[in-house]
Amino acid sequence: MAREKFQTLTEQMFYILLSLRKELCGADVMARVAELTDGRVMIGPGTLYNLLDSFLNAEMIEETAVEGRRRSYQITSAGEQALLAEANRMETLLADYQRLGKEGGSA
């Protein structure tokens, strides 16, 4: 069975979608992700615009404004669903880690 393209999100994907809960242009998305993560997650322009294009094609974001070369985007309901699914997946991972941490790590 083929894995769905956005079944899980990378950190960069997660923070781009999280940032786009507010309408932003690409440069502002890069700055917002760096701000949200205290510089831990950095996204270069090539990666950003590749992911934005993929998100647009998957209808997870929409283009909201075009001013010359500057384009703005915002998350759609499909993007919100993907973001929520990823947050739930991460909560499950954390719960497993915490449960197994209490049991001890020996095999």
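Start with E86, which is buried, at a relative accessible area of 2%. Buried means under 20% relative accessible area, exposed means over 50%, and partly exposed is in between, with a 1.4 Å probe and protein chains only. E86 sits in helix α4, residues 77-103. Leaving aside residues up to four places away in sequence, E86 touches Q7, T8, L9 and F14. Contact here means heavy atoms within 4.5 Å.

Before going further, a word on the source. This is a predicted model, where local features need pLDDT of at least 70 and side-chain atom pairs count only at pLDDT 80 or more, while totals for chains, interfaces and linings use all residues. Residues are numbered from 1 along each chain as its sequence is written, and side-chain values use heavy atoms, with hydrogens and water left out.

Now the whole chain. The protein has four helices and three strands. Helices (H or I, at least four residues) and strands (E, at least two) are DSSP runs, numbered from the N terminus. Read from the N terminus, the order of elements is α-β-α-α-β-β-α. Of the 107 residues of the protein, 31% count as buried. Among contacts with a separation of 6 or more, 53% are between residues 24 or more positions apart.

Next, the sheet. In what order do the three strands of the open sheet stand? The order is β1-β3-β2, and the pairing is antiparallel. β1 (24-25) and β2 (61-67) are at the edges with a single partner strand each, so one side of each has no neighbour in the sheet. Two strands count as paired if DSSP finds at least two bridges between them. β1 pairs with β3, residues 70-75, in the antiparallel sense over two bridges. In that pairing, L24 stands opposite Y73 in β3. Helix α3, residues 45-57, packs on the sheet and touches β2 and β3, and its direction makes about 120° with that of β2.

β2 and β3 also run antiparallel, and six bridges join them. V66 has R71 in β3 as its bridge partner, and E62 stands opposite Q74 in β3.

On to the helix packing. Helix α1, residues 11-19, packs with α3 at an angle of about 70°, and their axes are 11 Å apart. That makes α1 roughly perpendicular to α3. For these angles, axes are lines fitted to C-alpha atoms, for helices over the stretch in contact, and angles run from 0 to 180 degrees between N-to-C directions. Angles under 35 degrees count as roughly parallel, over 145 as roughly antiparallel, 65 to 115 as roughly perpendicular and the rest as oblique.

α1 passes α3 in a right-handed crossing. A crossing is right-handed if the near helix is turned clockwise from the far one by less than a right angle, and left-handed if anticlockwise. Q12, M13, I16 and L17 of α1 make the contact with T47, L48, L51, L52 and F55 of α3. By class, this contact of α1 with α3 has seven nonpolar, two polar and no charged residues. Here Ala, Val, Leu, Ile, Met, Phe, Trp, Tyr, Cys and Pro count as nonpolar, Asp, Glu, Lys and Arg as charged, and the others, Gly among them, as polar.

α3 has a further helix contact to go through. The axes of helix α2, residues 26-36, and α3 come within 10 Å and cross at roughly 110°. α2 and α3 are therefore roughly perpendicular to each other, and their crossing is right-handed. On the α2 side the residues are G26, A27, V29 and M30, which meet P45, L48 and Y49 in α3. Sorted by class, the contact of α2 with α3 has six nonpolar, one polar and no charged residues.

Last, two loop residues. Most residues other than glycine have a negative phi, and most peptide bonds are trans. D38 is not a glycine, yet has a positive phi of about 50°. D38 lies in the loop between α2 and α3. Is D38 buried or exposed? D38 is exposed, with a relative accessible area of 75%. E59 is not a glycine either, and has a positive phi of about 60°. E59 is in the loop between α3 and β2, and counts as exposed at 60% relative accessibility.
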